[in-house]
Amino acid sequence: MDFSNEALISGVKAGNLRSVSRLITLAENGVPRARTVMAELYRSGGHAHVIGVTGSPGAGKSTLVDQLASTFRKDGKKVAILAIDPTSPFSGGAVLGDRIRMVKTAEDDTIFIRSMATRGALGGLSRGTLDAVQILDAAGFDVIFVETVGVGQAEVDIVRTADTCVVVLVPGMGDSVQAIKAGILEIADLFVINKADRDGADMLHKDIRVLLSLAEYEEGSFKPPILRTIATEGSGVSEVVESLGEHTRWLSSSKEGKKRRLKILEERVMKIASEILYEKLAQVAHDRVAGLIQDCFEKRTDPYAVVEKLVGEVLSGNDKTE
Ligand SMILES: Nc1nc2c(ncn2[C@@H]2O[C@H](COP(=O)(O)OP(=O)(O)OP(=O)(O)O)[C@@H](O)[C@H]2O)c(=O)[nH]1
Ligand SMILES: [Mg+2]
């Protein structure tokens, strides 16, 4: 198959899944030509609803996303799933090429699934993930799920990646206490109590309600609903779909939606900037770093001064990258 820049651009725009997958790989690996292609595709996106799903390991995120994805698919929507550092698989589907699996929900209906590493982003979501979202958006996907395990930076990052953030909690796991610690309250647009077939769902529901009542919501802001699901049985899933719809409508009818998209864009620009600046810095420092470290070691200079000097060279264009 032809994977020239032109072929990738037209392939992605036409929604060709192999082109999409190839470009995501190139972007994830930081291949420079991916930047050229991404730049060409930039104006083609902006239509997808990006839904972040986070929660503790084993909370049932993938099972829930499977269910939600099938529901959207049946509704005629084009659906993609990005699984960040997945530890458990999505159900069904054959492996197609490089880390993509397609789940068949009906005759010739497919859902695009891709797993990705958080590599390189200090435990948070990588620039590659944000690129993948843009690529899927340009390819005409209507709904893009991003599943991350809610530990560390990825959980906080999800809110800077997704239009809507779903936090999945499970009864009897001390989740409510964890939730306060992790600042989940600030990131959730929707709370889902999954495994509602287990004991403790009422208690957890009450705990979240109390927490929410303590939070201050400005006039016109979206108050996160608390929903209950048994993802393995599909129960409660339609209510989640309903709430996701309400959140999208709220986003598009309030200033918040635009604010959120601006934030996401800012995050992406800063991620790209830090990656490119770091690359350039590494190039500038390459031949001299050993000598400079030696100078620091012998106290002829100090680490701050060394970095100032190197950054100065990068910014004045005195590097060897052009
Ligand atoms: N009893 C019960 N089990 C469930 C429910 N939802 C999911 N499970 C089970 O919980 C286990 C974990 O489900 P996953 O969907 O893989 O959970 P996850 O949050 O994606 O897990 P990680 O990606 O590994 O963090 C599986 O064995 C599911 O079958 C539910 O509503 N009730
Ligand atoms: Mg999972």
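Is Cys 296 buried or exposed, and what is its relative accessible area? Cys 296 comes out as buried, at a relative accessible area of 17%. Keep in mind that we're working with a predicted model here. Cys 165 is buried too, and its relative accessible area is 0%. As for disulfides, the structure has zero of them.

**The magnesium site**

Let's turn to the metal. The magnesium ion (ligand 2) has Ser 62 (OG) and Glu 147 (OE) as its protein donors, at 2.1 to 2.3 Å. These two come from distant parts of the chain, 85 residues apart: Ser 62 belongs to helix H4 (residues 61-74), and Glu 147 belongs to strand S6 (residues 143-149). How exposed are they to the outside? Ser 62 has a relative accessible area of 6%, so it counts as buried, the cut-off being under 20%. Glu 147 is buried as well, with 9% relative accessible area.

**The largest pocket**

Now for the pocket, if you're thinking about where a ligand might be drawn on the model. The largest pocket has a volume of about 780 Å³. Its lining is made up of 26 residues, and the ones nearest the centre are Glu 186, Asp 189, Trp 250, Glu 256 and Arg 260. By type, the lining splits into 11 nonpolar, 11 charged and four polar residues.

Which helices each supply at least two residues of that lining? They are helix H8 (184-187), helix H10 (237-253) and helix H11 (255-285). H11 gives the most, with six residues. On the domain level, domain 1 (44-253) and domain 2 (255-322) each put at least three residues into the lining of this pocket.

Arg 160 is found in the loop that runs between helix H6 (153-158) and strand S7 (164-169). With a relative accessibility of 27%, Arg 160 is partly exposed. Glu 266 is 106 residues away along the chain, and its C-alpha is 8.8 Å from that of Arg 160. For Glu 267, the C-alpha distance to Arg 160 is 6.6 Å, across 107 residues of sequence. Glu 267 itself is in helix H11, and Glu 267 is buried, at 14% relative accessible area.

Finally, a bit of backbone. Most residues other than glycine have a negative phi. Which lysines go against that, and where do they sit? Lys 195 has a positive phi of about 60° without being a glycine, and Lys 299 has one of about 65°, again without being a glycine. Here they are side by side:

| Residue | Phi | Loop | Relative accessible area |
|---|---|---|---|
| Lys 195 | about 60° | between strand S8 (190-193) and helix H9 (201-214) | 23% |
| Lys 299 | about 65° | between helix H12 (289-297) and helix H13 (303-315) | 74% |

Are these lysines buried or exposed? Lys 299 is exposed, because its 74% is over 50%.

Notes: Residues are numbered from 1 along each chain as its sequence is written. Chains are lettered from A and ligands numbered from 1 in the order in which they are written. This is a predicted model: local features need pLDDT of at least 70, side-chain atom pairs count only at pLDDT 80 or more; totals for chains, interfaces and linings use all residues. Side-chain values use heavy atoms; hydrogens and water are left out. On a 1 Å grid over the protein atoms alone, a cavity is a set of points where a 1.4 Å probe fits but cannot get out, and a pocket is an open set with protein on both sides within 12 Å along at least five of seven lines; lining residues have an atom within 4 Å of a point. Grid points are joined across faces, edges and corners, and a volume is the space filled by probe spheres set on the points. Helices (H or I, at least four residues) and strands (E, at least two) are DSSP runs, numbered from the N terminus. Ala, Val, Leu, Ile, Met, Phe, Trp, Tyr, Cys and Pro count as nonpolar, Asp, Glu, Lys and Arg as charged, and the others, Gly among them, as polar. Domain bounds come from an automatic or database domain assignment. A disulfide is a pair of cysteine sulfur atoms within 2.5 Å. Buried means under 20% relative accessible area, exposed over 50%, partly exposed in between (1.4 Å probe, protein chains only). Donors are N, O and S atoms within 2.8 Å of the metal (3.2 Å for Na, K and Ca); water is not among the atoms, so sites may look incomplete.
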